[in-house]
Structure formats: structure tokens, C-alpha cells
Amino acid sequence: MKKTIKVVAAIIENEHKEVLCALRSPEMSIANMWEFPGGKVEKGEELHTALEREIKEEFSCEISASVVFHENIHEYDSFIINLVAMKAKLVKGEPTLSEHSKLVWLKRENLKSLVWAPADIPAVEQLIEEV
Ligand SMILES: Nc1nc2c([nH]c(=O)n2[C@H]2C[C@H](O)[C@@H](COP(=O)(O)OP(=O)(O)OP(=O)(O)O)O2)c(=O)[nH]1
């Protein structure tokens, strides 16, 4: 039976109404695809705590997570992901690359120009439709 993992991802918008997108590196799982920064939720961990922790670990900045924006269950070949996308605000520092290949801030209307991790596509579509 496939394992289900719970992943929380941040939709961080800047003052120009651009959203932060991260490119997974060739060494990572779901390689060379774009995602919202985040990571796996640990057992018993609150969603916002997990998200703030992951962003600090991977991008060396501090965010404050707010509401759940979208939740999706997607089946990959080797696992099932329960992806929870939350709105978040940058509160300290600037996102810095470590494991990922690239970071870009994009206007919503340009989000579709990236090759997204398949689990993220419904959240991307909802974000584009959001007024
Ligand atoms: N952080 C994040 N992960 C996502 C998104 N969409 C998506 O399919 N994923 C997948 C990629 C990874 O397999 C998993 C997140 O785990 P992780 O960020 O801790 O990644 P990881 O490379 O450390 O995981 P692993 O290869 O060690 O298993 O969820 C997303 O928008 N954000």
C-alpha cells in the first residue's frame, strides 16, 4: 500500500502582489518541478508550526502562516500526498536558496508558465482565479 504524507506549503505574497515559487533541484524527489515552499508535517505538529519551521530550515527566513487556502490529495507513482497550501506573510529576512535550484516571485497571471508539481496544480488554478 502507498504511504500517505502530509505536506504543508506556503503561498507567500510580496508587496507587488507576486507569489514565491521554488524549483525543486535534480537531486530532490519530484525533481525539476516548481512548488510552493514548505515540507512534511511531523506527527502531532500543528500546520502553521510545521510551515514556519520548514521555511526557516530551508529558506532561512521567518514567515507567519495564516489560513488554509487549498487542500488536495494527489496520488504519485510511489506515494500519496495530502498537500495543504496556506497563505503566509514574510515577517523577517528574505528567502534564501539552499536545497532548491531557483526561487522566483511571479504575478498570478504568470504562474501557469512554470511546470508545477502535479499535486500543486489545483492550488495554482485557484490562486489564478482568486480576485
Ligand atoms: N514543499 C512542498 N512539497 C511538495 C509540494 N508539492 C508536492 O508534490 N510536494 C512533494 C515533494 C516532496 O516529495 C514532498 C515534500 O517533502 P519535502 O519538502 O520534505 O521534500 P524532501 O525532498 O525532503 O522529501 P524526500 O525527498 O526526502 O522524501 O511533497 C509543494 O508545493 N511544496
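Tutor: Strand S4 gives the most to the shell around the ligand, with 3 residues. Strands, like helices, are DSSP runs numbered from the N terminus (helices are H or I, at least four residues; strands are E, at least two). This is a predicted model, in which local features need pLDDT of at least 70, side-chain atom pairs count only at pLDDT 80 or more, and totals for chains, interfaces and linings use all residues. Residues are numbered from 1 along each chain as its sequence is written.

Student: Which strands each supply at least two residues of the shell?

Tutor: They are S1 (3–12), S4 (38–40) and S6 (79–92). A residue is near a molecule or strand if its C-beta atom, placed from the backbone, lies within 6 Å of it. Of the 15 residues around the ligand, Ser29, Glu35, Gly38, Gly39 and Ala117 come nearest.

Student: How many residues of each class does the shell have?

Tutor: Ala, Val, Leu, Ile, Met, Phe, Trp, Tyr, Cys and Pro count as nonpolar, Asp, Glu, Lys and Arg as charged, and the others, Gly among them, as polar. The shell has 9 nonpolar, 3 polar and 3 charged residues.

Student: How does S1 pair with S6 and with S4?

Tutor: Two strands pair if DSSP finds at least two bridges between them. S1 and S6 run parallel, joined by 10 bridges, while S1 and S4 run antiparallel with 3 bridges. Val8 stands opposite Val84 in S6, and its bridge partner in S4 is Gly39.

Student: What is the order of the open sheet?

Tutor: Its 3 strands follow the order S3-S2-S7, with antiparallel pairing. S3 (34–35) and S7 (102–107) are at the edges with a single partner strand each, so one side of each is left without a neighbour in the sheet. S2 (residues 18–23) pairs with S3 over 2 bridges, and Ala22 stands opposite Glu35 in S3.

Student: Why does the length of H1 agree with what it should span?

Tutor: The expected span is 1.5 Å times one less than the number of residues. The 13 residues of H1 (residues 47–59) should therefore span 18 Å, and the end C-alpha atoms are 18 Å apart.

Student: Which residues of H1 are buried?

Tutor: A residue is buried if 20 or more other C-beta atoms, placed from the backbone, lie within 10 Å of its own. In H1 these are Ala50, Leu51, Glu52, Glu54, Ile55 and Phe59. Just after H1, Ser60 takes a positive phi of about 50°.

Definitions and conventions
A residue is buried if 20 or more other C-beta atoms lie within 10 Å of its own, exposed if 12 or fewer, and partly exposed in between; C-beta atoms are placed from the backbone.
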